[in-house]
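User: I'm new to this one, could you walk me through its charged side chains?
Analyst: Gladly, let's look at it together.

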Amino acid sequence: MTNKVNERDIREALQKMGDIFAIKNEKYGNSFEVSVDKYGMIAALTRISDKFNRIENLILAGDNGTDDEAITDTLIDMANYCVMTAVYMKNAGGKSNGKNN
């Protein structure tokens, strides 16, 4: 029996996350950090929440997404926002910028 969740596939997903992060940062600039600096952690929460709501709606509707954004793409995006938030907090000394904590 092959495990559906295994180290090789996790490493592949993490590589994909890094690639997507680099592509989007190149395309949009560091808009995530700018928005968290400006509005506080609520900006990070909002982005994560938006992705969660999309995933929830797709799953409850039995939908796998669109050709432009499959549910797996949305899951990777949400994971990226979670990691970006953790990295932001680590580099901010373990906390946000003090706004909306």
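**Salt bridges**

Analyst: In this predicted model, the side chains of lysine 16 and aspartate 73 meet in a salt bridge, 3.7 Å from N to O, the term meaning a side-chain nitrogen of Lys or Arg within 4 Å of a carboxyl oxygen of Asp or Glu. Lysine 16 lies in helix α1 (residues 7-28) and aspartate 73 in helix α4, so the pair ties together parts that are 57 residues apart in sequence; helices here are DSSP runs (H or I, at least four residues) numbered from the N terminus.

User: How many salt bridges does the structure hold?
Analyst: There are seven salt bridges. Local features need pLDDT of at least 70 and side-chain atom pairs count only at pLDDT 80 or more, while totals for chains, interfaces and linings use all residues. Residues are numbered from 1 along each chain as its sequence is written, and side-chain values use heavy atoms, leaving out hydrogens and water.

User: And lysine 51, is that buried or exposed?
Analyst: Lysine 51 is buried, at 16% relative accessible area, where buried means under 20%, exposed over 50% and partly exposed in between, with a 1.4 Å probe and protein chains only. Lysine 51 forms a salt bridge with glutamate 69, the closest N and O atoms being 3.5 Å apart. That pair links lysine 51 in helix α3 to glutamate 69 in the loop between α3 and α4, 18 residues apart.

User: Which residues join lysine 51 in a network?
Analyst: Salt bridges with shared partners join Lys24, Lys51, Arg54, Glu69 and Asp77 into one network. Aspartate 77, in helix α4 (residues 71-91), is buried at 8% relative accessibility.

Definitions and conventions: Helices (H or I, at least four residues) and strands (E, at least two) are DSSP runs, numbered from the N terminus.
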